[in-house]
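Open the model in your viewer and keep the selection tool ready. Each stop below says what to select and what is there.

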Amino acid sequence: YEMLRSLVGSEMCIRDSNIYRSVIPKRTMHIRLVKSDKKRFLDLLLLADEQESMIDRYIERGDLFVMEEKGEAKAVAVVTREGQGIYELKNLAVAPACQRKGYGRMMVEHVWHYYADCRTLLVGTGDSPLTLPFYRSCGFTYSHTLPDFFTRYYDHPIIEGGILLKDMIYLKREKQNPKRDSAVPTSDTEP
């Protein structure tokens, strides 16, 4: 077993055959890779990306992970391979009743450790006070901006945290040392 300390209270994540179990008294979480019928998790996926046609652009080419407790989906993530050692977290969603309990952070850590060849993990998000602080706390730093992404590619205005999203802000998390990763953010100049 490979032990990973979760950043959620005193919980531990145990990796066994690519399944992480969050060991919490009286609770066990399982994260598994879903290979077929991925759209059955559409309700959760739409929490993070509210236009189904945009989800359709990446869901089949990506790996879909689901975090379950007692057979109930608590969180999902979709990750695509963008190049050698480069992966992108395209969608990360947590059921509303489970938000702010560490499930999203546990899913990020799972994805970070799942791909042995991952040197860089990217995530694109809006300039939102709800998502940017979360990803920064998970060790992501500013990478680049895609101007007008949300106004150009979505068929309706996207409002998050009271802000009309316009640009896609890309963040990155990089392994500092091939033998050991670091979740400590570095300072960057951000827009």
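The tour goes through salt bridges and then turns to cysteines.

**Before starting.** This is a predicted model, in which local features need pLDDT of at least 70, side-chain atom pairs count only at pLDDT 80 or more, and totals for chains, interfaces and linings use all residues. Residues are numbered from 1 along each chain as its sequence is written, and side-chain values use heavy atoms, with hydrogens and water left out.

Stop 1: How many salt bridges does a search of the whole structure find? The search finds twelve; a salt bridge here is a side-chain nitrogen of Lys or Arg within 4 Å of a carboxyl oxygen of Asp or Glu. Helices (H or I, at least four residues) and strands (E, at least two) are DSSP runs, numbered from the N terminus. E68 is buried, at 14% relative accessibility, whereas R32 is partly exposed, at 29%. Buried means under 20% relative accessible area, exposed means over 50%, and partly exposed is in between (1.4 Å probe, protein chains only).

**Stop 2: K39 and E52.** Next select K39 and E52, a salt bridge whose closest N and O atoms are 2.7 Å apart. This pair also joins distant parts of the chain, 13 residues apart: K39 is in the loop between strand 4 and helix 1 (42–48), while E52 is in helix 2 (residues 52–56). K39 is partly exposed at 31% relative accessibility, and E52 is partly exposed at 35%.

**Stop 3: E72 and K74.** Select E72 and K74, where the closest N and O atoms of the salt bridge are 3.8 Å apart. Which of the two is buried? K74 is, with a relative accessible area of 10%; E72 counts as partly exposed, at 47% relative accessibility.

**Stop 4: C118 and C138.** Finally, select the cysteines C118 and C138. How many disulfides does a search of the whole structure find? The search finds zero disulfides, a disulfide being a pair of cysteine sulfur atoms within 2.5 Å. C118 is buried, with a relative accessible area of 3%, and C138 is buried at 1% relative accessibility.
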